[in-house]
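Subject: Structure for you to look at

Hello,

Here is the structure I said I would pass on. My notes on a strand and on a helix pair follow it.

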Amino acid sequence: MIGIPSTLRISLRALRVNKMRSGLTMLGIIIGVGAVIAMVAIGTGASRKIEQQISSVGSNLIMIRPGSMTSGGLRMGLGTQATLTTGDADAIERECPAVSAVAPSLSGAAQVVYGNQNWSTAVDGTTQGVLIVKEWSLVSGRPFTDQDIRNATKVCLLGQTVVESLFGSMDPLGQVIRIKKIPFRVIGVLEKKGQSLMGNDQDDIIYVPVTTAQKKIFGTTVPGRVRMIMVKAVSTEALEAAEQQITDLLRQRHRIGPKQEDDFVVRNLTQMLQLAEQSTRVMSLLLGAIASVSLLVGGIGIMNIMLVSVTERTREIGIRMAVGAKTWDIRLQFIIEALTLSLIGGVLGIVAGISFSKVLSAALGWSTVVSLPSVLLAFVFSGLVGIFFGFYPAYKASLLNTIDALRYE
Amino acid sequence: MALIETLELEKNYQVGGTTVRALAGISLRIERGEFVAVMGPSGSGKSTFMNLIGCLDQPTGGHYLLDGEDVGGLARDELARIRNHRIGFVFQGFNLLPRTSALENVELPMLYNGTPAGERKRRALAALRLLGLEDREHHQPNQLSGGQQQRVAIARALVNDAPLILADEPTGNLDTRTSAEIMELFVALNQRSRITVILVTHEADIAAYSGRVIRFLDGLVISDEKVK
């Protein structure tokens with residue numbers, strides 16, 4: 001049996017003889033592999049971005065808002081009814097087994113002052129549960145305690161943007177800032193979170209105990225009123241159960257009769273995001289599938305050229321057989337030739353695909369992620385294409401009759 | 001034991017429903033070291049005979065014993081192995097690989113029997129030197145004259161130390177002077193290296209270099225005589 005190095009040398013020489021033809025055949029594979037890699041990169045980039053957004057919002061998140069108020073036949077917007085209270089939040093935490101953490105929220109804009117710096121930001125009255133619900137941690141300091149909530153102490157946690165605006169590079173921990181002229185001690189600093197789905201700066205925020213917000217900052221008419229309750233379910237599977245338990249509990253607490261509408265709205269944020277993620281995944285699969293078609297076409301191009309090559313080199317095959325080439329020597333020669341074409345095309349295609357992804361993300365601002373598995377897969381796949389489409393021409397060549405092949409003009 | 005022995009060797013071809021009898025029962029013995037010329041008009045069966053002797057084709061009847069081994073019924077790859085080890089071919093049209101150096105053309109048979117690269121080169125160079133082509137090893141066939149090409153082909157036939165060389169009109173494409181040179185080479189190989197040479201020709205003066213002339217007509221041997 002002939003050695004692989006010799007076969008490879010024969011193949012490379014044959015490919016060199018018809019440079020233009022080999023190049024064009026390779027181009028089919030280059031485009032195919034390049035398209036697969038670029039398309040998968042776009043798809044992966046999109047779903048990676050959505051994953052990031054999901055984790056920035058917090059997973060398994062449910063939001064409860066008051067329903068709309070109807071006054072004289074006019075329905076006002078969501079949240080206009082003042083129906084949710086800290087009592088509801090406590091009850092949900094106590095009584096719904098599918099819920100792992102609860103964070104009420106009473107928020108509003110406020111001017112904050114430290115020394116000679118001032119800043120307008122969102123002040124959100126909540127409980128220590130917010131850090132669990134939003135999957136947010138502190139870079140320094142401590143979270144709220146039950147005592148903070150009970151006593152409505154004047155303490156606060158600062159987001160990074162607020163820290164930068166008021167303190168610059170100074171350490172804010174233990175300093176006193178004024179929110180609506182009321183002094184608050186900074187007990188913790190939140191880690192950087194970045195932009196939300198809607199493009200809001202999530203770090204531009206101050207958390208204070210919900211009771212403090214109610215009594216001292218926003219001064220509500222209804223005692224214990226909150227604008228929103230955020231809930232974390234114990235798991236993704238428990239989301240629906242949690243929703244049901246919350247709805248039942250709140251209807252009961254708000255004394256809503258069986259025929260009456262809810263005076264609150266329960267929204268499952270994570271589910272929406274997961275749907276979005278799923279559709280991106282289907283999209284990227286689809287893109288990959290379409291790109292694979294071009295790889296297939298490239299493979300057919302290889303087969304076509306190899307068939308032409310076998311016909312052209314009938315005499316050469318005859319000579320090789322006459323001096324002792326066996327069936328598999330001939331087959332191997334043509335398979336390796338096709339493999340060389342497809343693998344060189346594959347490598348160039350990988351380079352082309354990566355460059356194209358980079359150009360796309362630079363020019364259009366799309367996030368693209370070229371993953372190592374997709375590159376390896378494309379390379380292996382191009383090799384398989386070479387073997388698959390090279391086999392028939394090689395098989396055909398190996399079955400030639402030596403005498404006829406020698407006499408072929 | 002004879003190198004070649006055929007017993008009632010037959011070959012029929014199917015051409016469009018009719019059977020053509022190319023060989024109608026050939027029984028011959030060719031001993032080791034003989035120099036045989038096979039003659040006959042076209043269609044006499046001499047080429048078919050050579051194809052069978054060269055293990056390029058299989059008989060449809062009779063037996064062919066090469067070195068005492070019945071070659072009939074062997075598989076494709078086994079025939080390829082026999083051609084590789086025991087038979088050297090020289091063709092009228094040289095049949096060298098284009099765009100391939102003389103050296104690599106001579107190395108070709110050794111590619112298919114696992115000879116290591118270094119050994120291949122050494123033996124190919126030795127064969128080229130034997131045929132007076134030591135300064136032509138890197139020339140490609142289109143850079144060589146007809147006589148030189150045929151000598152490269154002979155080097156290729158010798159390189160595996162085959163005991164048998166089959167030459168199919170080896171001087172058909174060469175001028176008279178070059179033909180004489182090539183024939184002298186065959187004679188020298190036959191006498192010095194005791195290589196058995198069987199050559200097909202229809203020129204009497206080429207056949208005159210041999211020691212035995214076998215004439216074919218209509219698929220049968222009509223004469224078989226020793227000369228000189």
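Strand β1 (residues 61–66) of chain A is joined by five bridges to strand β12 (residues 264–268) of chain A, and the two run antiparallel. Within that pairing, A:Ile62 has A:Asn268 of β12(A) as its bridge partner. Please keep in mind that this is a predicted model.

β1(A) also pairs with strand β11 (residues 228–233) of chain A, again in the antiparallel sense, over four bridges. Here A:Ile64 stands opposite A:Ile229 of β11(A).

How many of the six residues of β1(A) are buried? Five are, so the strand is largely enclosed by the rest of the structure. Buried here means under 20% relative accessible area.

The other item is a helix contact. Helix α1 (residues 4–17) of chain A packs on helix α11 (residues 327–364) of chain A with the axes 9 Å apart and an angle of about 60 degrees between them. At that angle, α1(A) counts as oblique to α11(A). The crossing of α1(A) past α11(A) is right-handed.

On the α1(A) side, the contact is made by A:Ile4, A:Thr7, A:Leu8, A:Ile10, A:Ser11, A:Leu12, A:Ala14 and A:Leu15. From α11(A) come A:Leu332, A:Gln333, A:Ile336, A:Glu337, A:Thr340 and A:Leu341. Sorted by class, the contact between α1(A) and α11(A) has nine nonpolar residues, four polar ones and one charged one.

Regards

How values were computed. Residues are numbered from 1 along each chain as its sequence is written. Chains are lettered from A and ligands numbered from 1 in the order in which they are written. This is a predicted model: local features need pLDDT of at least 70, side-chain atom pairs count only at pLDDT 80 or more; totals for chains, interfaces and linings use all residues. Side-chain values use heavy atoms; hydrogens and water are left out. Buried means under 20% relative accessible area, exposed over 50%, partly exposed in between (1.4 Å probe, protein chains only). Two strands pair if DSSP finds at least two bridges between them. Axes are lines fitted to C-alpha atoms, for helices over the stretch in contact, and angles run from 0 to 180 degrees between N-to-C directions. Angles under 35 degrees count as roughly parallel, over 145 as roughly antiparallel, 65 to 115 as roughly perpendicular and the rest as oblique. A crossing is left-handed if the near helix is turned anticlockwise from the far one by less than a right angle, and right-handed if clockwise. Contact means heavy atoms within 4.5 Å. Ala, Val, Leu, Ile, Met, Phe, Trp, Tyr, Cys and Pro count as nonpolar, Asp, Glu, Lys and Arg as charged, and the others, Gly among them, as polar.
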